[in-house]
Every structure is written in structure tokens, then in C-alpha cells.
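Please consult the sequence and the structure below while reading.

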Amino acid sequence: MQPTNNTTGIKLIIFDFDGTLGDSRKLITDTMLLTLRQMGLEERTREECARTIGLPLEKCFSTLMPMSNEQARQCAEVYGEIFHEKNVPGAVKPFPGVVETVRSLQRKGMEMAIASSRRHRSLQQFVMDMKLEDCFSCLIGADDVTRAKPDAEPVTTLLAHFGRSANETLVVGDTDYDILMGRNAGVRTCGVTYGNGTATELTEAGADFLIHSMSELLLHV
């Protein structure tokens, strides 16, 4: 399937959260770096940590370096403890234009959901902190599915929930994991270039089109 920016007939938009709606990069990478230090593991750069954003938490650590499943589980547990301490109200803010764009789409009657690699409870809290909980009819976290991004399951679960077809659906995300998830489900995909992935990575993953700010989405749907 060749990429296209044709978004005619879109009724459902599935957003990623981290790097797409919420600017959580510093909080996540700070927490990952502290986790590695506390676990006595070899240090990695902030950029190396950032490149794993979008994967389930245990996979983030096993991608950074070879480790057993048990080590990855322990890293995720320590990460959760540190994250809980550092995640004070306001630590993650919406990117410019996010609130206005989501509200505008809501007024147009667009159905919206979020598919994230963070756990459901954490995702729900961030959405509530941004006061956008009334805009998203369904939230899918990593613990809501058996196979997380880039598998199609988060998207196919949402298609079933809303009763929508693939050709009525658009995935919006900042990493190749988001784009691949959407393409694996057969839906159209939009890459945002202001998050954790580069325009090149998003294009190579097969994004149908790119936007450089969230407000640009309104030009397409």
C-alpha cells in the first residue's frame, strides 16, 4: 500500500499519548536513567533511552541492553517506584495545540481514543490531568492487550469497541511503533514530527502523511 494523505471518511482517530499528546520525554528518560543507576546496570544516554519510548516498559529495558526477562521485570518495577515519586502534577504537559485540536475534533463529532504503551491507570491519570477525559471514549494501555505495539491488537480492539472499519480509522503517533501498529491493522496513519521519532523514521515506517504540530491535523480531518 502506497502512503497517501487522503483522509476522506475518517470517523475514528486513535492517538498515541507519550510524544504525541503529552510531552513526557524528560520525565520518562530521567526515570529510565535513574533506574539503570539504581539497578547497577551500564549507563545509557538520554537519547538511547528516548528511542525506546513507545515500547512496553519491560521491552524498553531489554532493548537498551541484553538482559533476562526477570531483570527486565525488576527494572520495570524500580522504574514504577521512581516514576511515582517524580510524577508530580504538571510534570507532563500537553504539546502546543493539543487541547485546542482535540476539543475542535470533539465539536465536529469525531470519535477519539488513545492506544498507549503505558499502563491503563497511568494513562488515565495523565488524560485527567489534562482535563480531556470527556474527549476520549476509550483508553487502551499496555496492560489491556496481550500483544502491544507494534502489533495491531490495540487498534483492532478499538475497532471492535467502536464498531468502525479500518478505512474509517486514523492512527496518529510519533514513533515507528505507532505507524507500524496502524499499518498492521490496515488503517491510515499520521506521523507527528515533534515527538520522539524523526520524520525519516516515520516515513520509512510507512506513515501516510506527517504533521509538524497537532493543530495541522485539522487540515486533514
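## Core packing and strand pairing

Leaving out its neighbours within four places in sequence, phenylalanine 136 is in contact (heavy atoms within 4.5 Å) with Phe15, Leu21, Val102, Met112, Ala113, Ile114 and Val127. The model is predicted, with local features needing pLDDT of at least 70 and side-chain atom pairs counting only at pLDDT 80 or more, while totals for chains, interfaces and linings use all residues. Residues are numbered from 1 along each chain as its sequence is written, and side-chain values use heavy atoms, with hydrogens and water left out.

A nonpolar core is a set of buried Ala, Val, Leu, Ile, Met, Phe, Trp, Tyr and Cys residues joined through side-chain atoms within 4.5 Å, where buried means under 20% relative accessible area (1.4 Å probe, protein chains only). The largest nonpolar core has 50 residues, of which Ile13, Phe15, Leu21, Met112, Phe136, Val172 and Leu217 touch the most other members. Helix 1 (residues 25–38) gives the most to this core, with five residues. Because domain 1 (12–21 + 95–219) and domain 2 (25–86) both give residues to this core, it lies between them; the domain bounds come from an automatic or database domain assignment. A second, separate core of 17 residues includes Leu12, Cys138, Ile140 and Leu158.

Helices (H or I, at least four residues) and strands (E, at least two) are DSSP runs, numbered from the N terminus. In strand 1, Leu12 and Ile14 point one way and Ile13 and Phe15 the other way, and all are buried. Two strands pair if DSSP finds at least two bridges between them, and the pairings of strand 1 are as follows.

| Strand pair | Sense | Bridges |
|---|---|---|
| Strand 1 and strand 4 | parallel | four bridges |
| Strand 1 and strand 6 | parallel | four bridges |

Isoleucine 13 stands opposite methionine 112 in strand 4, whereas phenylalanine 15 has valine 172 in strand 6 as its bridge partner.

In helix 7 (residues 153–162), the buried residues are Glu153, Pro154, Val155, Leu158, Leu159 and Phe162, and among the elements that cover them are strand 1 (12–15), strand 4 (111–115) and helix 8 (176–184). Helix 7 is followed by glycine 163, whose phi is positive, near 70°.

Threonine 101, in helix 5 (residues 98–107), is buried, with a relative accessible area of 2%. The side chain of threonine 101 reaches the backbone oxygen of glycine 97 at 2.6 Å. Not counting residues up to four places away in sequence, threonine 101 touches Met214, Ser215, Leu217 and Leu218.

How values were computed: Polar contact = N/O pair within 3.5 Å; in protein donor to acceptor, adjacent residues only side chain to side chain.
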